[in-house]
Amino acid sequence: MLRSVCLLLLVQEVQGYAWMSNIKAPSFDGLLQSVSGSKFGDKKLVVITGTSSGLGLATTKALLRTEKYHVVGAVRNMDKMKVVAEEEGFNMDHFTPMHLELASFASVHRFVEELDKFRGDRPIDRLACNAAVYQPTLNYPKWTEDGHEQQHQINYFSHFLLTSKIMPMMEGSEDARICMLGSVTGNDNTVGGGGVYPIADLKELVGLELGCKKPIAMMDGYNFNGAKAYKDTKLACMMTCNMLHERFHRSTGIAFSSVYPGCIAETPLFREKRPWFRQLFPIFMKYVTGGFVGEEEAGQRLFQVLHDPRCRKSGVYWGWNGGPREGREDSLEKGGQIIGAGGAGGGWDSLFENDQSDKVLNKDLMMKLWDYTTEITGAE
Ligand code: NDP
Ligand code: PMR
């Protein structure tokens with residue numbers, strides 16, 4: 001408090017002097033930086049994986065608009081990120097792209113080292129594990145340099161390792177949050193998750209127990225299925241958030257949550273689907289299931305989880321009740337809107353604590369998942 005008052009007086013003093021002598025006064029941020037020695041001023045430090053497109057990009061835009069955050073964008077393609085940042089007009093004083101290839105554990109370690117140097121003595125305040133790939137059309141698995149099926153390592157294993165490395169860097173933050181992207185397709189208690197094959201299911205985790213390494217592609221140990229591999233990784237991310245909450249929330253104060261942002265049917269996530277699917281999918285989601293949400297709105301949702309004081313609550317799977325704010329009952333009667341599908345509209349107040357399926361909440365499996373993944377990734 002005393003420090004802030006002194007700083008304020010100092011700023012006023014310098015600004016007053018600058019006015020008298022016709023010199024351009026340094027901004028409050030600039031002064032704060034030179035006085036406190038921190039390049040982040042009073043901004044919170046956020047790490048998001050996959051900020052070069054889709055949800056990660058839209059969330060970054062929303063965070064930067066507030067001027068309250070410094071975002072580290074962890075990306076596999078730095079050139080692409082720089083072009084995107086320029087196109088979007090990012091203020092590069094508040095956005096730092098950093099290389100992270102999630103298909104490589106060595107890259108995760110390098111990223112963590114660079115991040116640690118970059119932050120200095122400042123704690124990390126937020127981590128959003130957002131990056132992912134979806135490979136539904138392959139009839140054979142693609143492997144990473146570490147010998148794991150790509151979707152498993154990129155979407156799940158590497159985020160598990162990254163989280164374990166970043167958690168200690170959150171010490172000292174007054175409001176630390178870690179959020180992982182789950183999905184309705186990893187949570188089989190709804191039509192979108194339990195009614196559309198293949199269904200996410202880790203079974204007894206036989207594949208994971210054996211290391212989930214070439215030639216074993218799937219955590220359940222069964223044959224490779226690209227769409228199921230993706231859904232299994234979303235299920236695993238959601239279970240991991242619950243485990244993190246149980247083990248570490250009390251001792252660290254970090255809030256752990258997973259999120260279903262709605263069906264963002266127009267992002268590059270569906271790049272491997274056939275062109276006809278990519279054209280029809282958003283229409284189907286808009287007019288049949290009501291689950292569609294645009295990139296900007298989805299970005300505001302993840303932003304809300306990182307920003308809204310209500311989302312300091314830990315152990316939650318966040319969702320949004322989409323649909324028009326007024327006349328919802330009307331549209332339900334007409335059968336036009338499926339409430340709870342997570343579609344567009346509804347605003348901030350439509351945030352709710354979503355139900356998690358029995359599979360997501362299965363404690364025995366959660367323990368196994370934790371132990372086997374720890375061994376595979378070398379996380380501590
Ligand atoms: P996008 O494909 O638009 O974004 C994915 C991001 O991940 C991109 O920035 C991509 O980088 C990055 N990425 C991919 N592979 C790697 C890698 N090996 N290393 C580092 N970064 C990588 O998809 P969305 O925005 O739709 O998806 C974001 C998250 O939301 C995902 O976790 C997804 O599962 C989840 N989600 C999406 C839904 C949807 O309907 N779209 C629904 C529910 C959840 P690059 O730009 O270089 O390709
Ligand atoms: Mg699905 C309320 C129903 C609902 C919701 C919310 C989704 C979300 N989906 C629903 C229903 C249906 N979908 C139905 C009835 C069908 C059969 C026609 C269907 C099909 C379908 C396909 C083929 N849906 C899909 C696909 C994909 O390839 C997407 C996928 O599974 O990616 C992993 C997908 C999705 N549906 C959703 C959401 C959110 C997706 C994207 C999934 C994700 O990223 O998790």
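Select Thr 373 to begin; this residue sits in helix α14, residues 363–377. Helices here are DSSP runs of H or I with at least four residues, strands are E runs of at least two, and both are numbered from the N terminus. The model is predicted, and local features need pLDDT of at least 70, side-chain atom pairs count only at pLDDT 80 or more, while totals for chains, interfaces and linings use all residues. Residues are numbered from 1 along each chain as its sequence is written, chains are lettered from A and ligands numbered from 1 in the order in which they are written, and side-chain values use heavy atoms, with hydrogens and water left out.

Is Thr 373 buried or exposed? Thr 373 counts as buried because its relative accessibility is 0%; buried means under 20% relative accessible area, exposed over 50%, and partly exposed in between, with a 1.4 Å probe and protein chains only. Now show Leu 369: its backbone oxygen is 2.5 Å from the side chain of Thr 373.

Next, select ligand 1. Around it are 31 residues, of which Lys 80, Glu 101, Asn 130, Tyr 230 and Thr 267 come nearest. A residue is near a molecule or strand if one of its heavy atoms lies within 4 Å of it. By class, this shell holds 17 nonpolar, nine polar and five charged residues. Helices α3 (54–66) and α9 (226–252) each give the shell at least two residues.

Look at the backbone around ligand 1. An oxygen atom of the ligand is 2.8 Å from a backbone N or O atom of Leu 55, and a nitrogen atom of the ligand is 3.0 Å from a polar backbone atom of Leu 102. Taken alone, ligand 1 exposes 890 Å², and the protein buries 98% of that. Accessible areas come from the Shrake-Rupley method with a 1.4 Å probe.

Finally, move to ligand 2, which 19 residues surround; Tyr 134, Ser 183, Thr 185, Tyr 230 and Lys 273 are the closest. To finish, colour helix α10, which supplies five residues, the largest share of the shell around ligand 2.

Conventions: Polar contact = N/O pair within 3.5 Å; in protein donor to acceptor, adjacent residues only side chain to side chain. Nonpolar A, V, L, I, M, F, W, Y, C, P; charged D, E, K, R; others polar.
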